[in-house]
Amino acid sequence: MGFQTTCCASSVVEVIGETPLVELARITKGLEGRLLAKLEYLNPGHSKKDRIARQIIEDAEAEGRLEHGQTVVELTSGNTGTGLAIVCAVKGYPFVAVMSKGNSAERMRMMRALGAEVVLVPQLPESQVGQVSGGDLELAEEATQQIVAERKAFRADQFHDSGNFRAHSLHTGPEILAQTGGAIDAFCDFAGTGGSFAGCAAAFKKYNASIECYIVEPASCAVLAGGPATNPNHRLQGGGYSMHDLPLIQREHVDGYIGISDEEAIAGARRLAAEEGIFAGFSTGANIAAALKLLPGKTVVILINDSGMKYLSTDLWK
Ligand SMILES: Cc1ncc(COP(=O)(O)O)c(C=O)c1O
C-alpha cells in the first residue's frame, strides 16, 4: 500500500491556529459585499484564546521569564484559562485559573477537566450571574494578585503581555491575509483585552493602511468610543469591561467604534447557527451584528471567537 506519510503533531499545542476562513454567503444573501469568518472555535480549547496561551507561555520560556515547573496563574473569563490549561498540561506547568462566578459553569468544568485549579471569586452584591461587570473583574484581580504573590507564580497577564498581541500580529492577521490574498476592506472585533483587535489590525495596517479596523463594544458601555457606561451588566461574556484604557490597543489603528446591544448580539449568534451552521457565542454574535452594519459594498472579516457549546447553560440557546 502506497500511503504518503503525513506529519503527526508532537502535541495538541502544535495544532493551535491555522483555522479555516469561511464566507457567510447565506447571511449576506441579497446584500452587496462579502462577510468572511475565521473559525477560531476549531482550536483545541474551542476558542481563539488558545493562540495567546501558547504565545504568552512560549515567549516567556524563550525570554527566561518562566522557570521549569513554575506555577502559572491567570485571571480569565474562561477561554484564556482553557487555552492555558491545555498548554500548561502539555508542557508540565501547574496552572491556577482565577474566574468571576458570573461566567458560565461550562468554562470552569472544562478547565478543571484539563487539570487546572479553578478559583471562583464571588461577584459584587448588585451583579448578576452571566453578567460580569468591571467591578466583578476588580474583585477577581485582587484575588489573582494575592495568589501570584503567595505561590511565587508566573502571571500570564493577558491585558499587558505582548504575547497576546503577538499571537494575532504574527499568526491570526497574516493567516487571514494569506487566505484572502489580502483582498479585505474591513475588520471588526469585539474587545476584551483588545489583543485580537490590536494584533490583527497591526498586521492588516502594515500590509495595507486602507483596511479599516473597528472595535466592537457593548452599546450600554461604549467607553472605548468615549461614551458613558450606562449599563455595565451586559450579556457579552469575554469583553466590554468598561475599561477606558486597553494597553495593547494602538489607537492610530482604530478607524471607528461600533456599539452593539445584547439583543443584536444574540440575534447575530442565532442567525449564524441557524443559517450558516456555525455554533458560536455572544461575542461572535456581536461581531456578526457589527459586520452587517459595515457591510454594503465591502469585504468584511471577523473572528468566530468561541464555541456555542460554552453557553449551553445560558438562554442564548433555548
Ligand atoms: C468569547 C470571547 N470573545 C471575545 C473576547 C475578547 O478578545 P480579546 O481579549 O482578544 O479582545 C474574549 C476574551 O477572552 C472571549 O473569551
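Residues are numbered from 1 along each chain as its sequence is written. Because the model is predicted, local features require pLDDT of at least 70 and side-chain atom pairs pLDDT 80 or more, while totals for chains, interfaces and linings use all residues, and side-chain values rest on heavy atoms, without hydrogens or water.

The ligand sits in the largest cavity. A cavity is a set of points, on a 1 Å grid over the protein atoms alone, where a 1.4 Å probe fits but cannot get out; a molecule sits in it if more than half of its atoms lie within 2 Å of its grid points. Oxygen atoms of the ligand lie 2.9 Å from a polar side-chain atom of lysine 48, 2.9 Å from a polar side-chain atom of asparagine 79 and 2.7 Å from a polar backbone atom of glycine 192. On its own, the ligand has 390 Å² of accessible area (Shrake-Rupley method, 1.4 Å probe), of which the protein covers 99%.

Histidine 234 belongs to the loop between strand S8 (212–218) and strand S9 (256–260), strands being DSSP runs (E) of at least two residues, numbered from the N terminus. With a relative accessible area of 3%, histidine 234 is buried (under 20%, 1.4 Å probe, protein chains only). Its side chain reaches the backbone nitrogen of leucine 236 at 2.9 Å and the backbone oxygen of glycine 239 at 3.3 Å.

Conventions. A polar contact is a pair of N or O atoms within 3.5 Å; within protein, one must be able to donate a hydrogen and the other to accept it, and residues adjacent in sequence count only if both atoms are side-chain atoms. On a 1 Å grid over the protein atoms alone, a cavity is a set of points where a 1.4 Å probe fits but cannot get out, and a pocket is an open set with protein on both sides within 12 Å along at least five of seven lines; lining residues have an atom within 4 Å of a point. Helices (H or I, at least four residues) and strands (E, at least two) are DSSP runs, numbered from the N terminus. Buried means under 20% relative accessible area, exposed over 50%, partly exposed in between (1.4 Å probe, protein chains only).
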